[in-house]
Amino acid sequence: SSLEEAYQAASFMGSDDELVEKVKHSHSADEAQRIAYANRDKQRKDWNEVKVGIMEELLRLKIEQNPYVKKKLLQTEDYLIVEDSPKDSFWGWGPNRDGENQLGKLWMKLREEIRNENIEIHSSNHPLLDAGPTGSLRRIQRQCRCQGNRFRPYQGLVRLAYYTVWG
């Protein structure tokens with residue numbers, strides 16, 4: 001039901017199809033993250049090299065599927081977007097507020113592309129969209145979002161509300 005579930009499932013694409021399915025059928029983003037962390041040794045070998053690109057593509061899909069997210073992203077104008085996580089120095093700014101903020105950087109990059117009308121959301125040739133026998137990221141995200149009666153179009157999809165926007 002979330003981008004987090006799709007992202008964590010992607011970390012096992014091509015290396016452990018059973019874990020891909022387990023993460024896809026998790027009941028929350030938190031559960032998906034716990035499954036992935038408990039099985040880090042089974043992640044695809046190139047995960048550290050491809051994870052930012054995968055997150056970028058999932059954010060593109062999120063913007064495509066949720067006009068509200070696109071609207072809110074554009075409302076941030078030229079402000080700095082920071083993933084407000086005191087625990088994560090890679091995706092967020094970490095405990096000392098000097099982290100890499102990769103997630104904030106991706107949001108700002110996509111915001112600029114939208115403004116310049118250069119965003120390629122429907123890119124069918126992207127190598128990350130067709131990775132392995134478990135299916136594409138598009139299909140995994142769609143399946144994660146629409147499991148039975150758990151369809152929640154915005155909840156957990158890396159809502160901009162979790163970000164700190166600095167002017």
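Biologist: How many salt bridges does a search of the whole structure find?
Modeller: Keep in mind that this is a predicted model. Searching the whole structure for salt bridges gives a total of eight.

Biologist: In which helix do Glu21 and Lys24 both lie?
Modeller: Their side chains meet in a salt bridge, with N to O at 2.9 Å. Glu21 and Lys24 sit three residues apart, about one turn of the helix, and that helix, residues 17-24, is H2.

Biologist: What is the relative accessible area of Arg34?
Modeller: Arg34 meets Asp30 in a salt bridge at 3.0 Å, N to O. Both lie in helix H3 (residues 29-38), four residues apart, about one turn of the helix. Asp30 counts as partly exposed at 44%. Arg34 is exposed, which means over 50%, and its value is 51%.

Biologist: And Arg44, what is its relative accessible area?
Modeller: Arg44 forms a salt bridge with Asp46, the closest N and O atoms being 2.7 Å apart. Asp46 counts as partly exposed at 30%. Arg44 is buried, with a relative accessible area of 15%.

Biologist: On to the rings. How many aromatic pairs does the count come to?
Modeller: The rule asks for ring centres within 6.5 Å. By that rule the count of aromatic pairs is three.

Biologist: How many residues apart are Tyr7 and Trp47?
Modeller: These two form a tilted pair, 5.0 Å centre to centre with 50° between the planes. The pair links distant parts of the chain, as Tyr7 is in helix H1 (residues 3-10) and Trp47 is in helix H4 (residues 47-65). Both are buried, and their separation in residues is 40.

Biologist: What is the angle between the planes of Tyr7 and Trp91?
Modeller: The centres of Tyr7 and Trp91 are 5.7 Å apart, in an edge-to-face pair. Tyr7 lies in H1 and Trp91 in the loop between strand E1 (80-83) and helix H6 (102-115), so the pair ties together parts that are 84 residues apart in sequence. Tyr7 and Trp91 are buried. Edge-to-face needs planes over 60 degrees apart, and the angle for this pair is 85°.

Biologist: Which residues do ring pairs link into a cluster?
Modeller: Tyr7 pairs with Trp47. The cluster built from ring pairs contains Tyr7, Trp47, Phe90 and Trp91.

Biologist: Which side chain of opposite charge is nearest to Lys51?
Modeller: Lys51 is in helix H4, and its charged end sits over the ring of Phe90, 4.4 Å from the ring centre. Leaving aside neighbours within four places in sequence, Lys51 is in contact with Tyr7, Phe90 and Trp91. Lys51 is buried yet has no salt bridge. The nearest side chain of opposite charge is 7.5 Å away, and it belongs to Asp88.

Biologist: The charged end of which residue sits over the ring of Tyr37?
Modeller: The distance from the charged end to the ring centre of Tyr37 is 5.2 Å, and the cut-off is within 6 Å. The residue is Arg40.

Biologist: What is the relative accessible area of Asn101?
Modeller: Asn101 is in the loop between E1 and H6 and has a positive phi of about 55° although it is not a glycine. Arg97 is found in the loop between E1 and H6 too, with a positive phi of about 60°. Arg97 is exposed at 59%. Asn101 is buried, and its relative accessible area is 8%.

How values were computed
Residues are numbered from 1 along each chain as its sequence is written. This is a predicted model: local features need pLDDT of at least 70, side-chain atom pairs count only at pLDDT 80 or more; totals for chains, interfaces and linings use all residues. Side-chain values use heavy atoms; hydrogens and water are left out. A salt bridge is a side-chain nitrogen of Lys or Arg within 4 Å of a carboxyl oxygen of Asp or Glu. Helices (H or I, at least four residues) and strands (E, at least two) are DSSP runs, numbered from the N terminus. Buried means under 20% relative accessible area, exposed over 50%, partly exposed in between (1.4 Å probe, protein chains only). Rings of Phe, Tyr and Trp (its six-membered ring) pair if their centres lie within 6.5 Å; planes under 30 degrees apart count as stacked, over 60 as edge-to-face and the rest as tilted. A charge sits over a ring if NZ of Lys or CZ of Arg is within 6 Å of the ring centre and within 35 degrees of the ring normal. Lys and Arg count as positive and Asp and Glu as negative; His and the chain ends are not counted. Contact means heavy atoms within 4.5 Å.
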